[in-house]
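Could you read through the notes below with the model open beside you, taking the points in order?

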Amino acid sequence: MPRAIITGITGQDGSYLAEFLLNKGYEVIGMVRRSSTITFERVHHIQDAITIVQGDLHDQSSLVDVIEQYRPEEVYNLAAQSFVPTSWNQPVLTGEVTALGVTRLLEAIRLVNPETRFYQASSSEMFGKAVEVPQRETTPFYPRSPYGVAKVYGHWITVNYRESYDLFAVSGILFNHESPRRGLEFVTRKISHGVARIKLGLVDSLRLGNLEARRDWGYAGDYVEGMWLMLQNATPKDYVLGTGETHSVREFCEVAFRHVGLDYDKYVVQDQRYYRPAEVDLLVADPSRAQTELGWKPKVNFQELVSLMVESDLKLVSQEVR
Ligand code: NAP
Ligand code: G4F
């Protein structure tokens with residue numbers, strides 16, 4: 001039975017990846033940081049099938065211990081301070097976790113077992129003020145937030161450890177992927193949850209920032225398969241994963257409100273508080289390398305994604321008010 005460690009297992013992607021690997025017959029070890037409250041909501045349903053171990057990307061020795069104790073074949077580094085606006089308020093913490101945390105984990109692997117295959121969760125935020133459209137593996141980076149800058153560091157240190165120490169270390173440059181398990185502060189979930197609350201009569205408006213920003217939005221469940229495929233490759237190589245389609249935040253609102261028979265224009269209020277000091281205006285992937293070489297293709301399209309998120313939040317919010 002192959003063994004995998006997932007950092008960030010309590011996050012959106014960690015939970016889908018854990019399910020995916022369990023279905024493939026893996027033993028799954030989830031690394032979690034200590035907190036005063038339990039944050040296992042997203043993995044509650046599989047908690048008996050996985051092993052939870054404590055570790056923190058701030059703490060080198062905890063990472064060495066985890067790798068030493070479990071000696072996994074594969075490590076998926078999904079842990080990060082992943083919310084872009086927070087990275088302006090907490091730039092140093094973001095750098096410590098999202099950038100240097102990657103080096104700490106790579107060091108643990110290099111020192112304990114360099115045969116371990118390593119996946120780094122890189123991001124389309126690295127393209128930032130994009131210098132070409134669509135963005136592919138060779139597109140130069142131009143990050144626009146401390147988060148984007150930290151991810152560029154994480155990306156290059158992964159490439160560097162591959163080239164310096166011959167590690168099987170790869171970076172997946174993933175475009176935005178969403179689901180009913182997305183954190184409530186990210187725009188898609190904020191919209192689907194807001195639509196549900198408006199439809200059920202709990203509130204009468206939804207306050208958002210820039211409606212013109214465009215993203216390449218896919219379904220998180222599809223993307224974790226791509227992570228796994230990258231670690232099964234014959235040679236270590238980085239890949240872009242995305243749908244190849246781009247939509248604005250405004251379009252997301254239109255489709256989400258229309259799904260429940262409402263006109264978004266009557267409810268969405270633009271609020272300066274949600275604008276960013278520097279915006280990423282347009283992201284759209286060219287996922288052709290992943291399609292050709294890994295056989296990876298997203299299955300859920302934009303309309304289906306919006307519908308499944310709104311339906312899920314309608315159910316959730318109705319249960320909460322009952
Ligand atoms: P998420 O829901 O925010 O999950 C982040 C995870 O990191 C959580 O499990 C969190 O634990 C953990 N974490 C944070 N700080 C930590 C630390 N110091 N030590 C150990 N664990 C820590 O993020 P996601 O959407 O699943 O994304 C997964 C990864 O992919 C992230 O690296 C993100 O930056 C990257 N990414 C995401 C997307 C996307 O569209 N979702 C696109 C490209 C790249 P707690 O539960 O304790 O907070
Ligand atoms: O949903 P978002 O916060 O995601 P963002 O910034 O694109 O980052 C996400 O995707 C990245 C991949 O490209 C990941 F690496 C990262 O970890 C994270 O998962 O914002 C999307 C867009 C932005 O342009 C933002 O300005 O939506 C715009 N937006 C408009 N109103 C809003 C809001 N974003 C948020 N969070 N809240 C708003 O009210």
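1. In this predicted model, a backbone N or O atom of Ala 80 lies 3.2 Å from an oxygen atom of ligand 1, and such a pair is called a polar contact when the N or O atoms are within 3.5 Å (within protein, one must be able to donate a hydrogen and the other to accept it, and residues adjacent in sequence count only if both atoms are side-chain atoms). An oxygen atom of ligand 1 is also 2.8 Å from a polar backbone atom of Asp 13, while for Arg 33 an N or O atom of the side chain is 2.8 Å from an oxygen atom of ligand 1. On its own ligand 1 has 910 Å² of accessible area, of which the protein covers 89%; such areas come from the Shrake-Rupley method with a 1.4 Å probe, and for residues only the protein chains shown count as cover.

2. Around ligand 1 there are 26 residues, and Thr 10, Asp 13, Arg 33, Ser 82 and Tyr 147 come nearest; a residue is near a molecule or strand if one of its heavy atoms lies within 4 Å of it. By class this shell divides into 10 nonpolar, 11 polar and five charged residues, where Ala, Val, Leu, Ile, Met, Phe, Trp, Tyr, Cys and Pro count as nonpolar, Asp, Glu, Lys and Arg as charged, and the others, Gly among them, as polar.

3. Which elements supply at least two residues each to the shell around ligand 1? They are α1 (12-23), β5 (117-123) and α5 (146-165), and β5 gives the most, with three residues. Helices (H or I, at least four residues) and strands (E, at least two) are DSSP runs, numbered from the N terminus.

4. Ligand 2 is surrounded by 23 residues, the closest being Ser 123, Ser 124, Tyr 147, Arg 276 and Glu 279. Taken alone, ligand 2 exposes 710 Å², and the protein buries 95% of that.

5. The shell around ligand 2 has 10 nonpolar, six polar and seven charged residues, and at least three come from each of domain 1 (3-177 + 217-241) and domain 2 (183-216 + 246-283 + 300-321). The domain bounds come from an automatic or database domain assignment.

6. Where does the largest cavity lie? Both domain 1 and domain 2 give residues to its lining, so the cavity lies between them. Its volume is about 30 Å³, and its lining includes Trp 88, Arg 144, Arg 215, Arg 276 and Glu 279, with four nonpolar, one polar and five charged residues in the lining by class. A cavity is a set of points, on a 1 Å grid over the protein atoms alone, where a 1.4 Å probe fits but cannot get out, and lining residues have an atom within 4 Å of a point; grid points are joined across faces, edges and corners, and a volume is the space filled by probe spheres set on the points.

7. The peptide bond from Val 133 to Pro 134 is cis, with omega near -5°, and Pro 134 is placed in the loop between β5 and α5.

8. Residues are numbered from 1 along each chain as its sequence is written, and chains are lettered from A and ligands numbered from 1 in the order in which they are written. Local features need pLDDT of at least 70 and side-chain atom pairs count only at pLDDT 80 or more, whereas totals for chains, interfaces and linings use all residues, and side-chain values use heavy atoms, with hydrogens and water left out.

How values were computed: On a 1 Å grid over the protein atoms alone, a cavity is a set of points where a 1.4 Å probe fits but cannot get out, and a pocket is an open set with protein on both sides within 12 Å along at least five of seven lines; lining residues have an atom within 4 Å of a point.
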